[in-house]
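Biologist: I would like a close look at a single part of this protein. Please keep to one region and describe what surrounds it.

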Amino acid sequence: MHSTLRNPYMRLRAPPSLSALLSPPKPYLFSKPFSLSYLSRPRTLATMAKTLDESDVGISCYVSSLAGFRGILKQRYSDFIVNEVDSDGNIVRLTSFDLPLEEFAEKFQENPCSDGKDYTLEIESFRSLCGEVDADALKAFLEKVLASETDASPIVLSPDPDKSHRTEVHNFFKRTFKFLVTDTVEESEGSSKCIRVRFSSGKGGGMSKRGMKRKDTKDDKPFDSRGSKNWPEHIGKFLRFNLYKENKDTQEAIGLIGKMLGVHQRSFGFAGTKDKRAVTTQRVTIFKQHAKRLAELNSRLFGVKVGDFCYVKEGLVLGQLAGNRFTITLRVVAADCKDTIKAAADGLQSNGFINYYGLQYLVSLSLILLKQRPITREVREYYKEHGDVDSTLKKLPRYLVAERAILQCLKKSPGNYLQALKAIPRTLRMMYVHSYQSYLWNHAASMRVQKYGISQVVLGDLVLCKEISPAEMASSDNPELEDDCNDGDNCLLDLSDGVHSEEKVQFVKVVESEDLLKGLYTFEDVVLPLPGSKILYPANDIAGVYHDLAKKDGISLTESVHGAKEFSISNLKGAYRRVFQRPIDFVWELLDYTDDNIPLVETDLDIMQKDSGLSNEKVFVDVISVSQTKNLDSEVSIGKHLVEEGNVDPSPTAELVHNSDIQSPKLALKLAFTLPTSCYATMAVRELLKSSTSVSYHKSLNH
């Protein structure tokens, strides 16, 4: 018996009572007749509400008619564990802090400035150039470097607004201290620029970014001009390590490591940017750095650990992974009976889920296009009233990268709004366009499922072509898929590679009558395009979804209506994405527990500590996932550390659960499964629960 088909654009109702949750509503199906007239009802981007619901971004269907149940997603960030799966299919885990066997630290720690030279005269010369304070700072810094403390923290000289004088200082270091490198930094917003001085491990000093030719930029190879010049040829130039992090996104963790090493973030390479509110492990590479230097950071890093070091010839770039392994714990699980939960879990394994883009990726549509951040609304009103860029910048937190970039550009070029938009970091700019592609894709997927179901391929569908061999596909001129992310990832550059590695070349075809007679294709082969200049649209009424919705938003999918190509969908090649996905190596387990503040799954670091034989009583100084003792306060401690450092949004990053029934018996569902690149684990959870995966909804279940 089928339930009533709900309008896919209907807003989700307020969270029901506990009694109602014990008897969750039946999911709507896709078998009812469906009309294109629904396109007259969805809200466009300009009319969306302040808080995005799943239906706002086209997420409206389920695969099965099985009943859902109540469960809280990410009550604790440690309830969502992500381990990257590398290109060879290996699950990436943190297992060791040992240095690699080929570690050649002693050979490379030869100090290029330890020649016994007395630098007194040079320091006095510098004193006449920069004054007493800076000369004393340089003297102390040199003493550390000459004592072979090659990891000595960089020094920042006094603010210097005179550009010609700063140039003179830079030249002084180039002539006098070949083993030191300098650059110009801005210590705080609105302050004068300063010169930073740091040690260069390469003989002959470091060449400035402007003075070195940048190679391999076309294929986004990792690059850093400050790498050691005396690196031996028989050792890989990149140090690869496993990055373990808690409640931090990848960019934040890498930025912290880079700051401690004194290297730019472009020195690092990684395959995908992992989710923030989670515990994640992924591969990272860094150019010409010693494992010893990174290993020594572990005692100073909070919420981050690095290990499993080895040297490799090539650095990682976005998309070089097969997928992610998820271990997800749903807490406070409730249903009419345990059989309902078991049936839903088994159903997810056998039936799969609609391969939607998750809310965490599409939220950028709300944040930027709809200007929904409370802090930005407040600052925007201030700027509108006063027009003072400097004062406005002081009111904007540093984590609001896009907003700050726009204002800083307007400060230099008043009225040049296009240039201001281009000042936003490229990855962030591209995310806005890709998010809109995904918004259209979600709506098209819902239309396809609701109108034609999931049991068959229909005339005009797009499918991955099975009649072309991988070799022929590889030699075709079709555009290749680009960068990858998923919701183990933050998806800053997701071009929707939902196909397997051998299908990287997007060779698709339109289903014809002859194909239906042959029975070559199933619903698992059906793909839908992300709009671009080199893709096909389905040869049926699903194609109308794209063009009609885009038209309502004043956007053309076929031609650019403005001169800024990078903000035009027609300037992208486009891609294809499977409509349907099954979890791989899926296992599940019901767990009984009482204390909401005790982790129910061991992290990589927990396993390492247990295997090393450390007592459960021991709590390390970084308070990160090591014992039952830390469980009551460590997540809060890490959050406090982040706020104090000013690294992230000062809203709470983690919290203890203070339910009145905190010690009452409860049930949790532990899920573990692997998904290919660009597939969202939250969409699998949505199919399981038959409810929204929005943060606001799951927060409401805590109360």
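Biologist: Which residue in S5 is the bridge partner of Leu180?

Modeller: The model is predicted, and what follows should be read as such. In S5, Phe199 is the bridge partner of Leu180. That bridge belongs to the pairing of S4 with strand S5 (residues 193-199), which is antiparallel and runs over seven bridges. The two strands sit in an open sheet of three strands, ordered S3-S5-S4, with antiparallel pairing. Strand S3 (155-156) and strand S4 (180-186) are at the edges and have a single partner strand each, so one side of each has no neighbour in the sheet. As background, strands of a sheet pair through backbone hydrogen bonds, either parallel or antiparallel.

Helix H4 (residues 132-146) lies across S3, S4 and S5, and runs at about 20 degrees to S5. Helix H5 (residues 163-176) also packs on the sheet, where it touches S4 and S5. The direction of H5 makes about 160 degrees with that of S4.

For context, the protein has 703 residues, of which 54% count as buried, and it contains 21 helices and 18 strands. The largest nonpolar core has 75 residues, and Phe69, Ile328, Leu330, Trp441, Phe673 and Leu688 have the most contacts inside it. Helix H14 (residues 426-452) gives the largest share of this core, 10 residues. Another core, of 24 residues, lies apart from it and includes Leu239, Leu256, Leu294 and Val304.

Note on methods. Residues numbered from 1 in each chain as written. Predicted model: local features only at pLDDT ≥ 70, side-chain atom pairs only at ≥ 80, totals over all residues. Heavy atoms only, no water. Core = buried A, V, L, I, M, F, W, Y, C linked by side-chain atoms within 4.5 Å. Buried < 20%, exposed > 50% of the residue type's maximum accessible area, 1.4 Å probe, protein only. Helix = DSSP H or I, 4+ residues; strand = E, 2+ residues; numbered from the N terminus. Pairing = 2+ DSSP bridges. Contact = heavy atoms within 4.5 Å. Axes fitted to C-alpha atoms, helices over the stretch in contact; angles between N-to-C directions.
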